[in-house]
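The exercises below go through one protein structure step by step. Try each task before reading its solution.

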Amino acid sequence: MADSNKVLYDILTKRLEVLRELDKEGDSDRRRHIARETAELHAKLAHRLGLYQIKTEMEDLALKFTNYDLYKYIAHALNEKKSERDAFIERFIAPISEKLTKEGFSFTIKGRPKSIHSIAHKMEVQHCDIDRIYDLFAIRIILDSPLEREKSDCWQVYSLITDVFQPNPKRLRDWLSVPKENGYESLHTTVLGPDNKWVEVQIRTRRMDEIAEKGVAAHWAYKGVSAGATNIAPNAVYVFTPTGDLRRLPAGATVLDFAFSVHSEVGCHCIGGRIRNQNVPIRQQLENGDQVEILTSPNQHPSQDWLNVVVSTKAKNKIRQALKEIEYKDAAEGRELFERRFKNWKMDYDEGQISKLATKLGYKAVSDMFQSLAQGKEDILHMRESFLQLDEQPAVVHTEKTEYVPNDTAGLALEVDMNVKNVDYNLATCCSPKPGDPIFAFISITKGIRIHRCDCSNAQNMRERYPYRVLPARWSKK
């Protein structure tokens, strides 16, 4: 995989350069397309990485080239109220600055207007004009605090501010205790300032501010290393959906991983993808910045080898779950087929005998046997023949004394009462009768007469279900 730094920063910085030059093109479909794509893809990636300066400039320029009238209206309104806003900021800052100085803090306070894109978004969400937007700017308090006192200092400053201005508890955002995924740390609150206007206040340290403004690259400055000496999120890869949603996946993730991150059904029917207008297989590894379109087919279903294709835990779990569901479905279909054919053949269906059949055919469980039947790996006629060999249909017989001398009777003869001539006798392998054991005979079709011990595990079943097939038998001397 290409170095994450180079890929991500090349994508973002080159796109920002293109965006800055779009003014020279004049109004065109190409300019609008680039602006929309930047807002939907690149700005979101910059936000995810904590590159807020790049993100803000991208969003503002994108708005400028997609809705120039709105952009110009907001920019003009902000410029008109600049002096009024500056005066308000001074009145707001003064008591806070006095308190912080008195408490011995070393700090910087900045007042800045919200971005044009942010204000446009608020106008859309709140369905109002810019005059009704109260938090058009934010106050940022940056503390010069040592690392070990950062959190405690930020919370102390929060306490001092709320002593001066009434806070809105619903608007408190604590990214000190749990920083954002991209490393952003700050404490946000909204307070009621002069003239009953709500003001957003951001409290952070110098280190936190550097990271907030410059993103993860600021970490390198604090660690004394260059941007090329380490990777951005080396254990992750950032890619986009066709609609511009950003997805974070484990390093080494494939097209199939991406498909399951979109939706389980998409993953289960994935046959490949399209990246940079080229079809790619499900095994294709993803690179930072890829925009991935998933190709599906209703005839596609997960297979066991898919577990070797994916690396994400979510994908592996979903594949295992899908395989289990397929097994259950196939087992149910195989059982239904087996029972229907038994009914057509007018054969008795007994769960105990079916279990013995599965064991005879080499399966650990009956469900495995039915699954093989549904998948075409097992032949129904072969299963029928094997079942009949357990207990075949009876032949009608009458008694007559006959003698049979097996090879291992040690001087004993075997007597069975019947009137059928030239019928082979076989010692049953299920109980392996030995000369001298109490025995009985059981008539079958394909294996003739089978000799069982009276305490054979199958004896009770044979006597209860097929009493007319059971004949007296005994050992006698030659």
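**Exercise 1.** Is Asn67 buried, partly exposed or exposed?

Solution. The model is predicted, so local features need pLDDT of at least 70 and side-chain atom pairs count only at pLDDT 80 or more, while totals for chains, interfaces and linings use all residues. Residues are numbered from 1 along each chain as its sequence is written, and side-chain values use heavy atoms, with hydrogens and water left out.

Step 1: take the classes. Buried means under 20% relative accessible area, exposed over 50%, and partly exposed in between (1.4 Å probe, protein chains only).
Step 2: apply them. The relative accessible area of Asn67 is 35%, so Asn67 is partly exposed.
Step 3: Asn67 sits in the loop between helix H3 (52–66) and helix H4 (68–80). Helices (H or I, at least four residues) and strands (E, at least two) are DSSP runs, numbered from the N terminus.
Step 4: look across the sequence. Arg32 is 35 residues from Asn67 in sequence, and the C-alpha atoms of the two are 9.2 Å apart in space.

**Exercise 2.** Describe the protein as a whole.

Solution. Step 1: count the elements. The protein has 16 helices and 17 strands.
Step 1: consider burial. Of its 478 residues, 44% count as buried.
Step 2: consider the surface. The protein exposes about 25500 Å², and carbon and sulfur atoms supply 49% of that area. Accessible areas come from the Shrake-Rupley method with a 1.4 Å probe; for residues, only the protein chains shown count as cover.
Step 3: consider contacts, meaning heavy atoms within 4.5 Å. Among contacts between residues at least 6 apart in sequence, 60% join residues at least 24 apart.

**Exercise 3.** At what angle do the axes of H4 and H6 cross, and what residues make the contact?

Solution. Step 1: find the geometry. The axes of H4 and helix H6 (residues 116–126) cross at roughly 105° and come within 10 Å. Axes are lines fitted to C-alpha atoms, for helices over the stretch in contact, and angles run from 0 to 180 degrees between N-to-C directions.
Step 1: name the arrangement. Angles under 35 degrees count as roughly parallel, over 145 as roughly antiparallel, 65 to 115 as roughly perpendicular and the rest as oblique. H4 and H6 are therefore roughly perpendicular to each other.
Step 2: list the residues. H4 contributes Leu70, Tyr71, Tyr73, Ile74, Ala75 and Leu78, and H6 contributes Ile116, Ile119, Ala120 and Met123.
Step 3: sort them by class. Ala, Val, Leu, Ile, Met, Phe, Trp, Tyr, Cys and Pro count as nonpolar, Asp, Glu, Lys and Arg as charged, and the others, Gly among them, as polar. The contact of H4 with H6 has 10 nonpolar residues, no polar and no charged.

**Exercise 4.** How many aromatic pairs does the structure hold?

Solution. Step 1: rings of Phe, Tyr and Trp (its six-membered ring) pair if their centres lie within 6.5 Å; planes under 30 degrees apart count as stacked, over 60 as edge-to-face and the rest as tilted. The structure holds eight such pairs.
Step 1: Trp175 and Tyr184 are an edge-to-face pair, 5.9 Å centre to centre with 75° between the planes. Trp175 is partly exposed at 21% relative accessibility, whereas Tyr184 is buried at 7%.
Step 2: the ring centres of Phe338 and Phe342 are 4.5 Å apart and their planes are at 35°, so this pair is tilted. Both residues lie in helix H12, four residues apart, about one turn of the helix. Phe338 is buried at 0% relative accessible area, and Phe342 is buried at 1%.
Step 3: Phe338, Phe342, Trp345, Phe370 and Phe387 form one aromatic cluster.

**Exercise 5.** Where are Asp195 and Ser432 found?

Solution. Step 1: Asp195 is in the loop between strand S5 (187–192) and strand S6 (198–205). Ser432 is in the loop between strand S14 (425–427) and S15.
Step 1: check the backbone. Most residues other than glycine have a negative phi. Asp195, not a glycine, has a positive phi of about 60°, and Ser432, also not a glycine, has a positive phi of about 45°.
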